[in-house]
Amino acid sequence: MVCMFCGLFGMVLLNVPIAVALGVVAVAAMWFTQGADSLPNAALVMFEGATNFPLLAIPLFIFAGGIMNSSSISRRLVNLASAMLGFVRGGLAMVTIGASMFFAEISGSAVAGVAALGTLLIPAMKSRGYSKEFSAAVSSSSASLAIILPPSIPMILYAVMAQVSVVKMFISGLLPGLLGAAGLALASYGYARKYDFPVEQGFSLAVLGTALREALWALMLPVIILGGIFGGFVTATEGAAVAVVAALLIATLVYRELSLADLYKALVDAAIQTAVVMLLVAASALIGVLLTEAQVPQALARSIQSYTTNPYLVLLLLNVLFLILGMFLHSAAAIILTVPIVLPLIQQVGIDPVHFGLVLTLNLAIGQQTPPVASVLIAACAIAKADIWETTKVNLGYIGVLLMVLLICTYLPWLALAPIHWFYGAAAGG
């Protein structure tokens, strides 16, 4: 197993795609440990790993986000956020955070969020005197709210691998997501006072009313999606299908701003993003089988338990591990690699799997902001034409906010679990 992991990280450092590296290492390990006769089973394991029904929600939510990007839905949400928050000093930063929350409730993807909203808001901030580094930093950090708020795609992946309820994972992210948004807004206000950023516009009920009227149907999307899921009318996967249908109807019949060319582009982008994730999932199934047969998770659990069985110390150790992994792995890869290994440990020390899933997700949100991988930060810097390391210096304040949210959620588990009891009056796990 040590050779397998060394080979994996060696290939990653050589810039081999993670999904390919996972597959190559897993097949090589099967060859050496079980012989060539075991290789035909690899295709079956990969197929079964990628055909779990809840995973169908991933391409559907990505496609719904693509429809938003290709129509005027994103722009209308930005205009509404501007009417609501533009009167605050540094209002465009607040608008970015507010619009990112709206977008997160539909797409579940941080990269999609920064790609859609960054192209609108980063040039606007630069034209109003915001530095390109600050513009990229606030866009990147606020986009990572999508990994915390429902319908988070990483949460879907975790729920499938940990065999917990997708809906309960979604609910666990509500309060932490709102707390993170409030913290980012406070940090933005501090930056605005320090650098004397402008007030965009005075508050006007007329302007707000116009923006609200124009964005009303766009606002119906998260209401339809989350209302259906949390109300028990649809599963998370069915809710993703509803999101696509609702986005299509609103973009074509209400706003009439989605052409066939735009729809084709959204389909292609969704297919490419889905292929990347699903190849990771399929390859990880092989790794999972090998780890289980070698009893690596059980060995790790025994090793840590020989030092401590205190769940809070275990979470502290895991937080350090995930923060380091988040610097080098994309969120999907980190979930796929770590969950099969650490899940037996958290079960043995009595940590609720939904609480642990939230902690893991928050770590990965921070990982999206910490180089060298930092997928969301890199996307924002590309749009802003800003240096990633200079942007990281500005981004440290926002990363600090996300770290505070992580610590609060780690050691106050009721923040994640209490809303589940409010919704269901039942145990959080399962």
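Predicted model: local features only at pLDDT ≥ 70, side-chain atom pairs only at ≥ 80, totals over all residues.
**The whole protein**

Start with everything shown as a cartoon. The secondary structure comes to 21 helices and zero strands. The radius of gyration is 22 Å, close to the 22 Å that the globule rule gives for 430 residues, so the protein is as compact as a globular protein of that length. Turn the model along its principal axes: the C-alpha atoms fill a box of roughly 70 × 50 × 45 Å.

Now think about what touches what. Take contacts with a separation of 6 or more: 80% of them join residues 24 or more positions apart.

The accessible area is about 17,600 Å², and carbon and sulfur atoms own 70% of that. Of the 430 residues, 55% are buried.

**The largest core**

Hide the surface and go inside. Which residues touch the most other members of the largest nonpolar core? Select Ile73, Tyr158 and Phe356; they are the ones, in a core of 145 residues. Next, colour helix H17, residues 331–348. H17 gives this core its largest share, twelve residues.

Zoom in on Tyr158. Leave aside its neighbours within four places in sequence. Its contacts then include Ile335, Val339, Leu343 and Ile346. Phe356 is also in contact with Tyr158, as are Pro353, Gly357 and Leu360. Gln163, Val164 and Met169 complete the list.

There is also a second, separate core of six residues. Select Ala26, Ala29, Ala42 and Leu286, which are among them.

**A buried serine**

Move to helix H6, residues 91–107, and pick Ser100. Is Ser100 buried or exposed? Its relative accessibility is 6%, and buried means under 20%, so Ser100 counts as buried. What does Ser100 contact, beyond its neighbours within four places in sequence? Show Leu117, Ser142 and Ala143 to see the partners.

Bring the surface back. Colour helix H12 (205–230) and helix H13 (236–254); each supplies at least two residues of a nonpolar patch. The patch covers about 930 Å². Which helix gives the largest share? H12 does, with six residues.

Select the patch members, including Leu212, Leu216, Trp217, Met220 and Val223.

Ile224 lies in H12. Its relative accessible area is 34%, so Ile224 is partly exposed. Compare it with Ser100, which is buried at 6%.

Notes
Residues numbered from 1 in each chain as written. Heavy atoms only, no water. Patch = residues over 30% accessible without salt bridge, like charges linked within 9 Å, V, L, I, M, F, W, Y side chains within 5 Å. Areas by Shrake-Rupley, 256 points an atom, 1.4 Å probe, with all protein chains shown as cover. Salt bridge = Lys/Arg side-chain N within 4 Å of Asp/Glu carboxyl O. Helix = DSSP H or I, 4+ residues; strand = E, 2+ residues; numbered from the N terminus. Buried < 20%, exposed > 50% of the residue type's maximum accessible area, 1.4 Å probe, protein only. Contact = heavy atoms within 4.5 Å. Rg over C-alpha atoms; globule rule 2.2 N^0.38 Å. Core = buried A, V, L, I, M, F, W, Y, C linked by side-chain atoms within 4.5 Å.
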